[in-house]
Amino acid sequence: MELTRRDAVTALTAAGITTTAGCAGLTGETGSDAEPMEVLVSLADVLYPSDIEPTPEFIETFMYGRITDEESYREELTAGIETLNQLAADEQGGAFHTLSADQRRSVIENTDLRTGPSEPDGSDVARVNYYLLDELLFAFYSSPTGGELIGNTNPRGFPGGFGYSPSLEQ
Amino acid sequence: MSTNESTTTMTTDRTPVDGADVCVIGAGPAGAMVAYSLAKRGHDVVILEAGPRFDKEARVDRMKDQLHPTHSDNEIWDMGGERDEYSTSGEHSWPVNQRRVKGVGGTSLHWGSVVPRLYEKDFEMQSRHGIARDWPISYEDLRPYYAQAEQEIGVAGDDETPFFPPREESYPMDPLPLSYSDKLFKQAGEELDITVHSMPMAINTGEYDRNECQGYGTCQFVCPSGGKYSADIHVRKAEQQGATVIDEAPVQRLNHGPAGEEITEAVYKTPDCETHRQTADTFVAAAGAFETPRLLFLSESAEYPNGLANSSGTLGKYFMGHPPAGVIGILPGENTHQDEYGPVVSGGIHQFYEYDNPDDPQRGSVNMFTINVAGPSPATMALQSDAIGDDLLNQVDAQFGSTIGVNMSIEMLPREDNQIGIDRSTTDNHGNPVPDVDITPGEFARKGQEKGLQVGSNLIEEMGGNVVYAKGTQTAEHDGLTPLGKGGYHPLGGTRMGDDPTESVVDPTLKTHDLDNLYISSGGVFVTSGASNPTLTIMALSLKAADHIHEELQA
């Protein structure tokens, strides 16, 4: 199942949030060989369920359209990718996005990614958890696509309209 | 943003306004209504607000903070830290900063927007039941102002709602439809002779001059779309009528003239550490039930050694709240469609607002609202887990979707020893002693909670559900409850209204008995608490006070 930009853009536009601007932050250099988006997609690929194919469009919309302080987020993104690549190099000997899915999962499972603290002002890894992993997971589990997999196409955090009220099942 | 430090430039003009007719202290619902009502009639109004003017674009980020398990509720609107210090000397902690917001819009920025009126009996507790005290005004006195407030903020409600007090005017908008979980409660209620009905909500369903609800499902504590009413709307309307708002300008004290009969100036600080003095003909203290008594205590003088407007000795006393309780159940194998509906609340139960035996009330009124978002959101569950990929999906899928819940606010009786005082051993960022909260809700509230918990549990069990949580602040160890389960909601009293200057702080027009040009507009003037969410009543009282102030200024 490919995540598309369509449903996200529709909803965010309705909410008055511009989603087309600001992509420069995700295409600039980060100090590694990859563009930030490439790293985020490789990260989302192991965070999201196996049936889901994350796309740059989906990530761009949710990761960027929902961040109002663009400059500070770009800084966190750049620093976070650097930390992620360092962890990947220590664990698997290469930049994160160059690793296989199994290797990327191994990086997460053998470090404080996910299991450690997630804090906006914490350690380097805590900030990776907060600004990269949690942003990606929030984007997915508050989207119609993520919600649908658990039986809810308008999960909390998503502006999918109001008043949905099916009839009682007898 | 994790602090409440100033984010605006130091060059913002925060100097006093020359020739102001009215100075309003506080830009929450009470201050906003007074300011707008007076500004539109041509009075020069200045509002001094302790907190900032929030960027509306940042609400999406605040919403994300709300759903992120890392953040506590007070962080969502930047509450906490030295600016917002307080003490609690009562029997349990009181999460004050999780229940209020300082800034333009005030606590309505994070409220749930449930807006029932008080009942007729709430104004007449002493004459009807021989307990507490009557208000010096009746429901009938406030009724036109209720209708006005409902029109101003845009309420979606059902004119035929059972149990509610009489109304002559229709709600401005049709009621929100019942959610799926409301329908489950309604169906179970029919078996138990319990009526489940829609609740009046200050949420725009499309007819008001603000964005329509877009269904984020996070009304409490952030509405990114602006479909939920918040008082920054009427602050903006007041500004359009010529009012001036000075934000990040906490008032340090009110000074009076030589005879002690009138306030002459509000002394406030600005982020550049300057001290300013705002003069006006009339002052309205609308800083909420925690901060208003504190400001009056801090404004003590030779004429008022026990605090400004406190010749009665009742300042800070008879403080109340609505002790909360809640029931959460799980319906095995059922999809309760939690989270899908949008507004957090759409239905409620007011059948137990009136007492079982009106001649011998044993318990507080019970105001129940069925919840469309019982339990954590899917995103919150995902962030709380350590898992990834399919394992994470399976975890979230297993946890989510079968919860159902009902929350309630309960009446407590006013007591002299429940009070807001001053803790002189602790100071805020300006060196001022902080407010101290000393409150014990008592047996009347406990019995009300027990009634509500029993009703909620019976309903969920009737559905075939398992009750997994049924607790109130008076039925469980308070400090062991979750942050949302603890008290502190709906602060009321402390500057109560009355005809007798020896037993109350303000008169029926909300003017202080002691000072000719000082009004108080806040939940602090409530004489009894009722159980209804109080903000609509606060706004109605504010509109009424504005009429009195207008008449006085014209004279």
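1. Some housekeeping before we start. Residues count from 1 along each chain as its sequence is written, and chains are lettered from A and ligands numbered from 1 in the order in which they are written. As this is a predicted model, local features need pLDDT of at least 70 and side-chain atom pairs count only at pLDDT 80 or more, while totals for chains, interfaces and linings use all residues.

2. Let's look at chain A. It has eight helices and zero strands, where helices are DSSP runs of H or I with at least four residues, strands are runs of E with at least two, and both are numbered from the N terminus. Of its 170 residues, 46% count as buried (20 or more other C-beta atoms within 10 Å of the residue's own, with C-beta atoms placed from the backbone; 12 or fewer would be exposed, and in between is partly exposed).

3. Now pick out α3 (residues 36–47) and α6 (residues 101–109) of chain A. Their axes come within 10 Å and cross at roughly 80° (axes are lines fitted to C-alpha atoms, for helices over the stretch in contact, with angles from 0 to 180 degrees between N-to-C directions). That makes α3(A) roughly perpendicular to α6(A), a label for angles of 65 to 115 degrees. On the α3(A) side, the contact uses Ser42(A), Asp45(A) and Val46(A), and α6(A) brings Ala101(A), Arg104(A), Arg105(A) and Ile108(A). Contact here is C-beta atoms, placed from the backbone, within 7 Å.

4. How do the chains meet? 48 residues of chain B are in contact with 43 residues of chain A. On the chain B side, α2 (59–67), α6 (180–192), α9 (378–384) and α10 (389–399) each supply at least two residues. That side has 23 nonpolar, 16 polar and nine charged residues (Ala, Val, Leu, Ile, Met, Phe, Trp, Tyr, Cys and Pro are nonpolar; Asp, Glu, Lys and Arg are charged; the others, Gly among them, are polar).

5. Helix α1 of chain B (residues 29–39) is mostly covered, with 11 of its 11 residues buried. Among them are Met33(B), Tyr36(B) and Leu38(B). The buried residues pack against β1 (22–25), β2 (45–48), α7 (232–240), β9 (282–285) and α12 (535–554) of chain B.

6. Finally, a hairpin in chain B. Strands β7 (263–269) and β8 (275–279) pair in the antiparallel sense over five bridges; pairing takes at least two DSSP bridges. Glu265(B) has Thr279(B) of β8(B) as its bridge partner. Five residues lie between the strands, and Cys273(B) takes a positive phi near 70° in this hairpin.

Definitions and conventions
Angles under 35 degrees count as roughly parallel, over 145 as roughly antiparallel, 65 to 115 as roughly perpendicular and the rest as oblique. Two residues are in contact if their C-beta atoms, placed from the backbone, lie within 7 Å.
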